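The following questions and answers ask how structural terms are applied to a protein chain.

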Amino acid sequence: VMTDWDGTLLNDNHEIGPENRQALKTLMAKGVKIVFSSGRMYKAIRRITKGFDDGGVIAACNGGYIMDRQSGLLLSESVFDFHTSLAVIDVLEKRGLSHHFYTGDAVYARHGENATRYRSMQGFFDELKISLIAHSPLGAFIHEGVKPHKFGVILDAQTDIQELKTA
């Protein structure tokens, strides 16, 4: 069974509610494999799935990072290649769009508003042992060999979305 998170498995407090938790544990006790799937980072999903130490798979970063929950073994990893990463960053920076990217254990954000937004979550990142790395331009990290699992873009208007579709 594969389940999404936001608006599906999680309640309004961003937790797996008691009813859903019990249903998942019942399925797991019957030998059903559970895949916790989300666009979130692995460590954030792992924290929310506390109490499911008897199994399950975590598909993080929209499937870019797949780990066995019990053993911590990396089952699959999909990253953006060097040229694609630079092309994505180039398009976003030319349009002045706030953006960031994720690896298995770090968030890379441009200096400025996006990094400031993430710094407000520093306690959460510290708790999960997720690094927040701010730098401008982000392409410098790609040149250093960092390989993103997922890009995030903060859009303010529908026109931003339309503009990106034509990029």
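Q: Where is Asn-62 found?
A: In this predicted model, Asn-62 is found in the loop between β3 and β4.

Q: Why is Asn-62 called exposed?
A: The relative accessibility of Asn-62 is 59%. The term exposed applies over 50%, so Asn-62 counts as exposed.

Q: Why is Ser-37 called buried?
A: Ser-37 has a relative accessible area of 17%. Because the limit for buried is under 20%, Ser-37 belongs to that class. The residue lies in strand β2 (residues 35–37).

Q: Which residues does Ser-37 touch, not counting residues up to four places away in sequence?
A: Ser-37 touches Met-2, Thr-3, Asp-4, Trp-5 and Ala-59. A contact requires heavy atoms within 4.5 Å.

Q: What makes Met-2 exposed?
A: Met-2 has a relative accessibility of 59%. Exposed means over 50%, so Met-2 counts as exposed. Met-2 is found in strand β1 (residues 2–3).

Q: How many residues apart in sequence are Met-2 and Phe-36, and what is their C-alpha to C-alpha distance?
A: Met-2 and Phe-36 are 34 residues apart in sequence, and 6.1 Å apart in space from C-alpha to C-alpha. Leaving aside neighbours within four places in sequence, Met-2 is in contact with Val-35 and Ser-37.

Q: Why is Ser-85 called buried?
A: The relative accessibility of Ser-85 is 1%. Buried means under 20%, so Ser-85 counts as buried. Ser-85 lies in helix α3 (residues 82–94). Apart from neighbours within four places in sequence, Ser-85 is in contact with Phe-80, Ile-142, Pro-148 and Phe-151.

Q: Why is Gly-145 called partly exposed?
A: Gly-145 has a relative accessibility of 45%. Buried is under 20% and exposed is over 50%, with partly exposed in between; therefore Gly-145 counts as partly exposed. Gly-145 lies in the loop between α6 (139–143) and β9 (150–154). The C-alpha atoms of Gly-145 and Asp-81 are separated by 9.8 Å, and these two residues are 64 residues apart along the chain.

Q: Why is Ala-29 called exposed?
A: Ala-29 has a relative accessible area of 68%. Exposed means over 50%, so Ala-29 is exposed. Its place is in helix α1 (residues 18–29). A separation of 9.9 Å is found between the C-alpha atoms of Ala-29 and Gly-55, 26 residues apart along the chain.

Q: Which residues line the largest pocket?
A: The lining consists of Gly-39, Arg-40, Met-41, Ala-44, Tyr-102, Val-107, Tyr-118, Met-121, Phe-124, Phe-125, Ile-130 and Lys-150. The space in the largest pocket is about 210 Å³.

Q: How many residues of the lining of the largest pocket are nonpolar, polar and charged?
A: The lining divides into 9 nonpolar, 1 polar and 2 charged residues. Lys and Arg count as charged, and Gly is among the polar residues.

Q: How many helices and strands does the chain have, and what percentage of its residues is buried?
A: The chain has 7 helices and 9 strands. Of its 167 residues, 40% are buried.

Q: What is the average pLDDT of the chain, and which elements have the lowest and the highest mean?
A: The chain averages a pLDDT of 83, and 89% of the residues score at least 70.

Terms used
Residues are numbered from 1 along each chain as its sequence is written. This is a predicted model: local features need pLDDT of at least 70, side-chain atom pairs count only at pLDDT 80 or more; totals for chains, interfaces and linings use all residues. Side-chain values use heavy atoms; hydrogens and water are left out. On a 1 Å grid over the protein atoms alone, a cavity is a set of points where a 1.4 Å probe fits but cannot get out, and a pocket is an open set with protein on both sides within 12 Å along at least five of seven lines; lining residues have an atom within 4 Å of a point. Grid points are joined across faces, edges and corners, and a volume is the space filled by probe spheres set on the points. Helices (H or I, at least four residues) and strands (E, at least two) are DSSP runs, numbered from the N terminus. Buried means under 20% relative accessible area, exposed over 50%, partly exposed in between (1.4 Å probe, protein chains only). pLDDT is the predictor's confidence in each residue, from 0 to 100.
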